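Please walk through this model with the sequence beside you.

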Amino acid sequence: MERKKYVIIMAAGSGTRMGADRPKQFLELDGKAILQRTIEVFLEACPGINVITVLPEPFIEYWREYCYKRSFICPQILVKGGITRFHSVRNALAKVPEGAVVAVHDGVRPLVSQKLVAEMFETAQSKPALIPVIPCVDTMKMLHKAKDASGREVLETVDGASVDRSLLYGAQTPQIFHSEVLKAAYGLAYDTAFTDDASVVERYGKSLSYTMGERLNIKITTQEDLLLARAVMSLSEA
Ligand code: C5P
């Protein structure tokens with residue numbers, strides 16, 4: 001039997017790196033909040049999908065009002081975020097039943113294609129943990145922060161570190177899991193090494209399957225990312 005589809009949209013970050021008056025997920029991209037654009041990709045790729053949106057508690061009412069005013073009518077379960085992304089995901093998982101297939105996606109990745117989402121959900125019916133990755137094109141350096149003689153912060157090589165670029169990939173979202181696997185993995189105690197869901201599931205002892213991600217599926221983090229996203233949208237509408 002087909003597993004029911006869920007998506008947890010992660011939007012409880014404070015987005016302070018952008019320097020805007022609101023967290024970045026609420027900024028507009030071509031007339032719509034980034035968060036609305038992100039949710040719409042999933043609604044269009046998988047009609048009938050169950051949407052769980054994780055928000056900073058002070059913005060839950062703001063988001064309700066935004067959806068009402070913009071006639072963005074979509075059944076969403078709104079969940080308040082936690083202190084870290086890990087805690088936010090854990091809060092949302094309480095709303096997901098066993099036996100489902102659940103995607104976790106950053107609310108600030110609105111450029112993911114419907115095609116990737118639809119294909120990943122299909123593949124994930126038979127794979128317990130499916131992660132999109134892209135090969136690293138830059139040469140990577142392993143460095144640590146240190147202080148120079150005048151106390152200024154500088155970067156220094158980590159002794160003995162060499163990084164073989166051909167082995168390195170960047171992990172994106174959506175990361176898609178069988179819900180019983182993800183719920184069990186999120187029973188682990190928090191660790192700062194948990195920077196995505198795949199790292200939690202791997203620590204829990206499950207192996208991951210990978211699929212090719214998309215270069216334009218950027219996480220909008222800085223002003224430059226927002227400019228890039230606007231440029232991509234204007235090109236794809238031309
Ligand atoms: O902080 P980072 O860039 O890794 O955040 C990735 C995603 O996780 C963002 O969409 C952000 O809104 C979300 N997040 C969250 N709860 C937190 C921290 C981040 O939902 N406590």
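The cover over the buried residues of α2 includes β2 (28-29), β3 (32-33), α1, β4 (50-55) and β5 (76-80). Here a residue is buried at under 20% relative accessible area, exposed at over 50% and partly exposed in between, with a 1.4 Å probe and protein chains only. Helices (H or I, at least four residues) and strands (E, at least two) are DSSP runs numbered from the N terminus, and contact means heavy atoms within 4.5 Å. This is a predicted model, in which local features need pLDDT of at least 70 and side-chain atom pairs count only at pLDDT 80 or more, while totals for chains, interfaces and linings use all residues. Residues are numbered from 1 along each chain as its sequence is written, and side-chain values use heavy atoms, with hydrogens and water left out.

Helix α2 spans residues 60-69, and its buried residues are Ile60, Trp63, Tyr66 and Cys67. Viewed down the axis of α2, these buried residues fall within an arc of 125°, so they line one face of the helix; the arc is that of the directions from the helix axis to the C-beta atoms. An α-helix has 3.6 residues a turn, so residues three or four places apart point the same way. Tyr68 and Lys69 are exposed on the other side of α2.

Gln36 is found in helix α1 and is buried, at 5% relative accessibility. Apart from neighbours within four places in sequence, Gln36 is in contact with Trp63, Tyr66 and Phe72. The side chains of Gln36 and Tyr66 make a polar contact at 2.6 Å. A polar contact is a pair of N or O atoms within 3.5 Å; within protein, one must be able to donate a hydrogen and the other to accept it, and residues adjacent in sequence count only if both atoms are side-chain atoms.

What follows α2? The helix is followed by Ser71, whose phi is positive, near 50°. Ser71 lies in the loop between α2 and β5 and is exposed at 55% relative accessibility. Pro75 lies in that loop between α2 and β5 as well, and Pro75 is exposed, with a relative accessible area of 72%. The C-alpha atoms of Pro75 and Asn50 are 7.6 Å apart, although 25 residues separate the two in sequence.

Other backbone features occur elsewhere in the chain. Most residues other than glycine have a negative phi, and most peptide bonds are trans. Asp30, which is not a glycine, has a positive phi of about 50°; Asp30 lies in the loop between β2 and β3 and is partly exposed at 44% relative accessibility. The peptide bond from Thr173 to Pro174 is cis, with omega near 10°, and Pro174 lies in the loop between β10 (169-171) and β11.

Helix α4 (residues 114-124) has Leu116, Val117, Met120, Phe121 and Ala124 as its buried residues. Seen along the axis of α4, they fall within an arc of 125°, so they line one face of the helix. Lys115 and Glu122 are exposed on the face of α4 turned away from the buried side. The cover over the buried residues of α4 includes β1 (4-10), α1 (34-45), β6 (100-106), β7 (129-135), β11 (175-178) and β12 (209-212).

In the loop between β6 and α4 is Leu111, which is buried at a relative accessible area of 18%. Leu111 and Asn217 are 106 residues apart along the chain, with their C-alpha atoms separated by 5.1 Å. Leaving aside neighbours within four places in sequence, the contacts of Leu111 are Glu214, Leu216, Ile218, Ala229, Val232 and Met233. Thr38, in helix α1, is buried at 0% relative accessibility. Beyond four places in sequence, Thr38 touches Ile9, His105, Asp106, Gly107, Arg109 and Pro110.

Gly107 also takes part in the ligand site: an oxygen atom of the ligand is 3.4 Å from a polar backbone atom of Gly107. The protein covers 83% of the 460 Å² of accessible area that the ligand has on its own, with areas from the Shrake-Rupley method and a 1.4 Å probe; for residues, only the protein chains shown count as cover. A ligand nitrogen atom is 2.7 Å from an N or O atom in the side chain of Ser88, and a ligand oxygen atom is 3.1 Å from an N or O atom in the side chain of Lys219.
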